Amino acid sequence: IEFIIKLLTEKKISFKNLISKKYNFEDAIQAYKNINNKDYLGLILEYKAEIKDNFIFHKVSISEKNLNLKKKPIVLGFLGAGNYASRILLPILRDLKNVQLHTLVSINGLNSKFYGKQNKFLYSSSSEDDVLKNDEINTVFITTRHNLHFSQIIKALDTKVNIFVEKPMVLSNQELTEVYEKYQSVSKKLNKKVRSMVGYSR
């Protein structure tokens, strides 16, 4: 799937010839009537996605502990709370003596609060800015959806010393070039190399 997404992004393959007809969502019944029509190979339902301006992100404190930089100098913000992150990565990080788990972010606020408490984070949130724009955090883990990795890496390079991102780092050569150029620029500005790593989950 990742390879197909990459080829689509680079416009090296196309599914246009597989699409026989497009229907508005209101005409879904008619579309389903034509599913068994041998003249149609692929049907697409189109609908308008409404973006609500009043969507509110939340950050909540889930621990009474305070930062202790002497005992735990690595202050970590974590983006994503999927299966691999919650079952593998978070339990490992939770048991590291020099790591302070600061904020866990998931678009699903219930997930971030549940896994945040389970793994002893100070805060849970549904906004990535609570990690990427937080001066207390010096290390960020990115385990979100693949299409979000690039933008989150770019933001993280502006403020974080250490970055860990699960594969794939990016989805195109253009994104890779931009990450490389940003990395070089930030390292030069800080007069030291930013620590970054790509995880391969296996």
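Q: What should I know about the model and its numbering before I start?
A: This is a predicted model, in which local features need pLDDT of at least 70 and side-chain atom pairs count only at pLDDT 80 or more, while totals for chains, interfaces and linings use all residues. Residues are numbered from 1 along each chain as its sequence is written, and side-chain values use heavy atoms, with hydrogens and water left out.

Q: In what order do the strands of the open sheet lie?
A: Strands (E, at least two residues) and helices (H or I, at least four) are DSSP runs, numbered from the N terminus. Two strands pair if DSSP finds at least two bridges between them. Here, seven strands form an open sheet in the order 3-6-5-4-7-8-9, with mixed pairing. Strand 3 (59-61) and strand 9 are the edge strands, and each pairs on one side only. On average, neighbouring strands of this sheet are turned by 20 degrees against each other, direction ignored.

Q: Which strands does strand 4 pair with?
A: Strand 4 pairs in the parallel sense with strand 5 (residues 99-105), over six bridges. Strand 4 also pairs in the parallel sense with strand 7 (residues 139-142), over four bridges. Leucine 76 stands opposite leucine 101 in strand 5 and opposite threonine 139 in strand 7.

Q: Is strand 4 largely enclosed or open, and why?
A: Buried means under 20% relative accessible area, exposed over 50%, and partly exposed in between (1.4 Å probe, protein chains only). Strand 4 (residues 74-79) has five of its six residues buried, so it is largely enclosed by the rest of the structure.

Q: What surrounds leucine 79?
A: Leucine 79 is found in strand 4. It is buried, with a relative accessible area of 1%. Contact means heavy atoms within 4.5 Å. Leaving aside neighbours within four places in sequence, the contacts of leucine 79 include Val105, Val131, Leu132, Phe141 and Gln152. The C-alpha atoms of leucine 79 and arginine 145 are separated by 9.8 Å, and the two residues are 66 apart along the chain.

Q: How does the chain get from strand 8 to strand 9?
A: A crossover is right-handed if, with the strands pointing away from the viewer, the path from the first strand over the helix to the second runs clockwise. Strand 8 (residues 162-166) and strand 9 (residues 195-199) pair in the parallel sense over five bridges. The chain crosses from strand 8 through helix 7 to strand 9, and this β-α-β crossover is right-handed.

Q: How do helix 6 and helix 7 pack?
A: Two packed helices are described by the angle between their axes and the distance between the axes. Axes are lines fitted to C-alpha atoms, for helices over the stretch in contact, and angles run from 0 to 180 degrees between N-to-C directions. Helix 6 (residues 149-159) and helix 7 (residues 173-190) pack at an angle of about 5 degrees, with axes 10 Å apart. That makes helix 6 roughly parallel to helix 7 (angles under 35 degrees count as roughly parallel, over 145 as roughly antiparallel, 65 to 115 as roughly perpendicular and the rest as oblique).

Q: Which residues of helix 6 meet helix 7?
A: Phe150, Ile153, Ile154, Leu157 and Asp158 in helix 6 do; among their partners in helix 7 are Val179, Tyr183 and Val186.
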